[in-house]
Amino acid sequence: MTERQLFEAIGCVDDDLILQADAPLRRKPAVYWRPIVSVAACACLAIGMAGFGSKMFRCGSAAPAETAMLEDRGLESAYGGEDGVCAAAPDNRRAVCIDGVLYYDTGAVSDTETRRAIFDGVISGTTAADELPTEDGQSNFGTGYGYQFAADGTVEVEIDGEYVIFAAE
């Protein structure tokens, strides 16, 4: 190709094509937040699993570490009894066992004005008033009471038209 042929070939190129070739390429912005969110989600999952697996507040039997610690101090476990069966309720307080967690009456009444229309569950079993519940859905103050989980981790049980707050200890 001679100089003249090259000059004529370049002269035939549209100005729009030359401007497009000169414009910088558009790149997608880098996404830096995805790895951070992934790590945070994994950390939340690990912490949640560790808390869920805790046997500290489980109904039925005390955790071995708790029992050993209390025996070293000459105290009895709150779960007491033989073979991990719950013994007398401390101070004869009302208690309910829900999803493997033992909740005690705090003596407080909920002042929540807006409430869901349905209960999260109903207490279906009972034990003697001086014993702790050992099974899910069981209380030591009677059956037929509806309950709802509160945002702060407590349980609100409807008793005589009031929502009494129960908390795990």
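Modeller: A nonpolar core is a set of buried Ala, Val, Leu, Ile, Met, Phe, Trp, Tyr and Cys residues joined through side-chain atoms within 4.5 Å. Buried means under 20% relative accessible area, exposed over 50%, and partly exposed in between, with a 1.4 Å probe and protein chains only. The model is predicted, so local features need pLDDT of at least 70 and side-chain atom pairs count only at pLDDT 80 or more, while totals for chains, interfaces and linings use all residues. Residues are numbered from 1 along each chain as its sequence is written, and side-chain values use heavy atoms, with hydrogens and water left out.

On those terms, the largest nonpolar core has 11 residues: Val-96, Ile-98, Tyr-103, Ile-123, Phe-141, Tyr-147, Val-155, Val-157, Ile-159, Val-164 and Phe-166. Two or more of these residues come from each of β1 (95–98), β7 (155–159) and β8 (162–168); β7 gives the most, with 3 residues. A second, separate core has 5 residues, including Ala-95, Cys-97, Leu-102 and Tyr-104. In soluble globular proteins, nonpolar side chains tend to be buried together.

Neighbours within four places in sequence aside, Val-96 is in contact with Val-101, Leu-102, Tyr-103, Ile-123, Pro-133, Gln-138, Ser-139, Phe-141 and Phe-166.

Now the strands. Helices (H or I, at least four residues) and strands (E, at least two) are DSSP runs, numbered from the N terminus. The protein chain has 4 helices and 8 strands, in the pattern α-α-α-α-β-β-β-β-β-β-β-β along the sequence. Two strands pair if DSSP finds at least two bridges between them. The 8 strands form an open sheet of mixed pairing, in the order β3-β6-β7-β8-β2-β1-β5-β4. At its edges are β3 (121–122) and β4 (125–126), each pairing on one side only. Strand β2 (residues 101–109) pairs with β8 in the antiparallel sense over 4 bridges, and the bridge partner of Val-109 in β8 is Val-164.

For the whole protein chain, buried residues make up 27% of the 169 residues. Of the contacts between residues at least 6 apart in sequence, 56% join residues at least 24 apart.

Last, confidence: pLDDT is the predictor's confidence in each residue, from 0 to 100. The protein chain averages 76, and 75% of the residues score at least 70. Over residues 61–88 the pLDDT is below 50, and this stretch has 38 contacts in the model beyond near neighbours in sequence.

Definitions and conventions: Contact means heavy atoms within 4.5 Å.
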